[in-house]
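Student: Could we go through this structure term by term, so that I learn what stands behind each word?

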Amino acid sequence: MEKPKNILIIKMSSLGDIIHALPALYALRRTYPDAIITWAAHEAFAGILPGKPWIDEIYIVNRKKIKNLQYLFQVRRDLHQKKFDLVIDLQMIAKSGIISFLSGCSRRIGYHDARECSGLFSKPIAGKHKKGHIIEQLLDVMAYLGCDTQEIKFPLHDSDKEMPIVKERLSLYGINDKYIILVPGTRGEKKKWPLQYWGKLAKKLAEKKISTVIVGSSGEKYMAEEIKKMSPSSFTADFTGKTNLLELIALEKAASLHISGDTGPLHIANAVQAPIIALFGPTLPDRSGPYGNNNSDIFLAKAAGTASADMATIPVESVYNLAVKKFKNQIDTEINIGNSSLEF
């Protein structure tokens, strides 16, 4: 197999899907350190991608123009100029298949789950994890290319510059130390834990004097407002619509615990190895849950993995009890690490 020198990775969306592809990038770069790697992504998610040495260039695909013929001709010109000798489609749907084809590269591969006729444009690669976690399925593609896939790493964009911004914002809410991130929103109504449950959880944690930070997009502001009505305490802070992707990474890095359903911020929390409580219903964690994180716990709704899954069957009390336990354990661990470092 000829060693690739100029590689295009296609994974345009969504937030969680792009994060799931990062271990594949890590394995690819470790195996081909001298190759030029370009990543095609939608602008909304490009900010989370790392720069050099992991990615040399990010090619923005305008999702609103993807059906415009004139725009596609422009994409074809752009990609042909780059003269790729390997295209890796890690999305394998119609729009990623089109980008793969327009690259002009003759060597095009992708992961095995080829949907919407994408298998016509890129060769689907199946490996030993064909029915496993999506991260493993994408790594199977890298194994096909001769990459070592044993080590799982998530090369996210550096967020060190954002950490002081996040800490200053937290201090405005009186949060100067430990906190729990709550993410009530997720794509798909059936994947959401009932809003009143989030309110009860926030209130119980506030009564314990544990600070919580509600995270979400500006479109999910109404959820945070409802939670605040149920938990008006100063220990409950509303950050919805107030963080960009890099600030969210910093916020997750500093958190003592993350609680959410199956949503993009969950996968950021997993990537930075934050302690996690994940709530799953229609989707199953075996394919898209926290991966490679020994400090993650999962609650499954009744009939999980089916359209009949009922998120209301995950009790507030159970989530609260585990949250308090994990929060305390995290603080104890940090104190022990601090004391250990002082001994040296």
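The dialogue below sets values of this structure against the definitions of the terms.

Tutor: Please keep in mind that this is a predicted model, in which local features need pLDDT of at least 70 and side-chain atom pairs count only at pLDDT 80 or more, while totals for chains, interfaces and linings use all residues. Residues are numbered from 1 along each chain as its sequence is written, and side-chain values use heavy atoms, with hydrogens and water left out.

Student: Why is cysteine 147 called buried?

Tutor: Cysteine 147 has a relative accessibility of 7%, and buried means under 20% relative accessible area, exposed over 50% and partly exposed in between, with a 1.4 Å probe and protein chains only. Cysteine 147 therefore counts as buried.

Student: What makes cysteine 117 exposed?

Tutor: Its relative accessible area is 54%, so cysteine 117 falls on the exposed side.

Student: How do you know that cysteine 147 is in no disulfide?

Tutor: A disulfide is a pair of cysteine sulfur atoms within 2.5 Å, whereas the nearest cysteine sulfur to that of cysteine 147, which belongs to cysteine 105, is 16 Å away. By this rule the count of disulfides comes to zero.

Student: What is meant by the largest nonpolar core, and which residues have the most contacts inside it?

Tutor: A nonpolar core is a set of buried Ala, Val, Leu, Ile, Met, Phe, Trp, Tyr and Cys residues joined through side-chain atoms within 4.5 Å. The largest has 65 residues, and those with the most contacts inside it include Leu28, Trp39 and Ile48. Its largest share, nine residues, comes from helix H1, residues 15-31, where a helix is a DSSP run of H or I with at least four residues, numbered from the N terminus. Apart from this core lies another, of 27 residues, among them Tyr197 and Val319.

Student: What does isoleucine 48 touch?

Tutor: Leaving aside residues up to four places away in sequence, isoleucine 48 touches Leu15, Ile18, Ile19, Leu156, His157, Leu245, Ile249 and Ile268, contact meaning heavy atoms within 4.5 Å.

Student: How do the residues lining the largest pocket divide?

Tutor: They divide into eight nonpolar, 16 polar and six charged; Ala, Val, Leu, Ile, Met, Phe, Trp, Tyr, Cys and Pro count as nonpolar, Asp, Glu, Lys and Arg as charged, and the others, Gly among them, as polar. A pocket is an open set of points on a 1 Å grid over the protein atoms alone, where a 1.4 Å probe fits, with protein on both sides within 12 Å along at least five of seven lines, and lining residues have an atom within 4 Å of a point. H1 gives the most to this lining, with four residues.

Methods: Helix = DSSP H or I, 4+ residues; strand = E, 2+ residues; numbered from the N terminus.
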